[in-house]
Amino acid sequence: MNFDALFGDLAQHTVDGLSKGAIYALVALGYTLVYGVLRLINFAHSEIFMVGTFAILGTWSLLGVADNPPIGMAIVYLLIGLVVGALASGATALTVERVAYRRLRRMNAPPLIFLITAIGLSLVLVEIFALWMAGFFSGRGFTENRLVIGIPPLLKQETVLSVAGADITNVQIIMVASALLMLYGLDQFINRTRYGRGVRAVAQSPDTAALMGVHQDRVIMLVFVLGGLMAGAAALLWNMRYGITKFDIGFVVGLKAFTAAVLGGIGNLRGALLGGLLLGVIEVYAATLTRSTWEDVAAFVVLVVVLIFRPTGLLGESLGKARA
Amino acid sequence: MTEALRHFNERRRHVLGGMGDRWRALPRWQRWLTLLAGVAFLYYLPFLGDIPGTNLIIPGLDWFRTDSIDGGANWAGVLFVCALYVLVAIGLNVVIGLAGLLDLGYVGFYAVGAYSVALFGSAESPVVGALQEQFGLSSDWAIAWAICIPIALAFSLVAGVLLGWPTLRLRGDYLAIVTLGFGEIIRIVAKNSGWAGEAQGVPGIPGPEGPPSPDNKVFGLLDIKPWYWLALSVVLLMVLLVRRLEHSRVGRSWLAIREDEDAAAVMGVYPFKFKLWAFAIGAALGGFSGLLFASRSAFIQPETFNVQLSILFVAMVVVGGSGNMAGVAVGAFLLAYLPERFRDFSEYRVLAFGLALVLIMLLRPQGLLPSRRRTRELQDRAKEAPVNVA
């Protein structure tokens, strides 16, 4: 246990953790939305995120992005990346719903079956990328590529702010700010719009909602698309911060994001944000304490502890009960 | 669905559905005779196509062997893995098929079993090394293989209880993720702990004849047939035991919990207790197969016990037909055998596996060879499907 390393630089680790947690939070929103409405863990959500990272990478290399372009161009590229990532992830999410879940929903199959199809589809997506698409998006044609692929850095990561001994980089500010912004938008959408009311209605009671004229399939599609959009945004942040992607990056991020969703209270949008940021911080602390060896265990330990002592998560499960 | 396809389906249902009834209608001695012939055939499998003791071959059967293709794997070795996976599937079937608990971390118990025999049975393991030093024993001293079996069973049983105790009160899908995490934790612990050999793993794991060496007469390194027969015998024994369990009070409680936990509780079945039993028994069986795996390989390392293996285990049960022992055995056999026989497509192995999972679950959610009860349960659920105003 390396306490000196942790407490000597606590503020810095907290900042690193928060920015890491921003990605978890955005991916966690997808789990939470789907779970809130369907009571179903969308195991393939991690791959929806992975597709986003590759789509953004592909677009950037198509546009011929060079390392560290002038700031104006960088912003344009980032916005294009956001749109492309959101579209690609949203479309993948829709496909997942259509292929893996719709037929099973008609059959009212037990959750186990949903989970297995989701795992199967997630394997298929991962392999499609490993065998063909990863090569394609990195500009080598449809060849097998199971290696880490680098992404051109758009924004030079530099310290712009120093608070309490912590150096905060521009990318970290963008990450946390955009996670907050996305959550705010989503929260408003669910709580204030007509479509959001439909989502909440189906979450509360699918049968009653259907009898009141809510088109269930449309609501479910909407929920998957929203989750996909958030995952696409997370993919952009990932590309900016880490500058690499790989065919199997989805798995670990997905697992952590799911943990974050449970930690905050699955089905609860604000909970997903809280859980994500908290988990990011916990993880960075654990990594510092143990020199990275136990970083991945920390998330699971947190998950088990939360489920034992507060199975509804920190903020409680409540997509259906959200304020009208 | 077109008319012809529906006709075909009805016809198939008629023939296959009738087979089960006809089987049950046979006199008892005929059923026993058939089963005996089947068991004898299983023991004969490593020779498939040859007649032992002669130079004669039976044409045609050769095609099924994995060494009939270029660069194919040792046939007895593949059979050994098949038997191992069947054992895993039988254990996991208790958890998933009978008690209805989704366990995505079964590889954890498999690893606990493998590491038990490795750490206590191998003279080169850090644990045995510490014992040698503590008690001043010679450097080739280790705990005998036969004693490692109860140790491995006990450790995996305890692991099952330890994991089940806090988590079995959770809803089904939470349980899936927590167990997934458990499997990963076991692997990471093995990888990072000095006493477990870290990433290099543990060599020199003993078999029934003691530490691996070229002098071993029966359970050697080259001829894998005895290993297959050993694993097969364990499988048959476990089939008998689990079958008895399935038809006991405990087995009935599992079915009741799977179908409706609340109703079962009202009827006086304490769900938590029986779920924990299912978990522990499944864990012990998983540990046993892990032990056999480690003994045969003589060397293990943590990266073997990854999530993909866990998913493969679950897939064996679900594809075969969870709840039906014959079904899960077939599922395990197919998933171990097909990739080896059709190695030419090994590049697309995982892709085909994923596609097969999706397709089978969409078209035949009860599995290839389902239990009748489970099929009826699914049909029942379909009737309760929620309304939808389209």
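## About the model

This is a predicted model, in which local features need pLDDT of at least 70 and side-chain atom pairs count only at pLDDT 80 or more, while totals for chains, interfaces and linings use all residues. Residues are numbered from 1 along each chain as its sequence is written, and side-chain values use heavy atoms, leaving out hydrogens and water.

## Inside the protein

Let's begin with the core. The largest nonpolar core has 216 residues, and those with the most contacts inside it are Phe49(A), Tyr85(B), Tyr110(B) and Phe313(B). Such a core is a set of buried Ala, Val, Leu, Ile, Met, Phe, Trp, Tyr and Cys residues joined through side-chain atoms within 4.5 Å; buried means under 20% relative accessible area (1.4 Å probe, protein chains only). Helix α3 (residues 75-98) of chain B gives the largest share of this core, 19 residues.

Beyond its neighbours within four places in sequence, Tyr85(B) is in contact with residues including Tyr110(B), Leu312(B) and Phe313(B) (contact means heavy atoms within 4.5 Å).

## Where the chains meet

Here 51 residues of chain A and 47 residues of chain B take part in the contact. The area buried between the two chains (accessible area lost on putting them together, 1.4 Å probe, summed over both) is about 4400 Å², with 76% from carbon and sulfur atoms. Tyr174(B), Ile177(B) and Leu362(B) supply 15% of the area that chain B buries against chain A, more than any other three residues.

Zero salt bridges are found across this interface, a salt bridge being a side-chain nitrogen of Lys or Arg within 4 Å of a carboxyl oxygen of Asp or Glu. On the side of chain B that touches chain A, the largest share, 12 residues, comes from α7(B).

Methods
Chains lettered and ligands numbered in written order. Buried < 20%, exposed > 50% of the residue type's maximum accessible area, 1.4 Å probe, protein only. Helix = DSSP H or I, 4+ residues; strand = E, 2+ residues; numbered from the N terminus.
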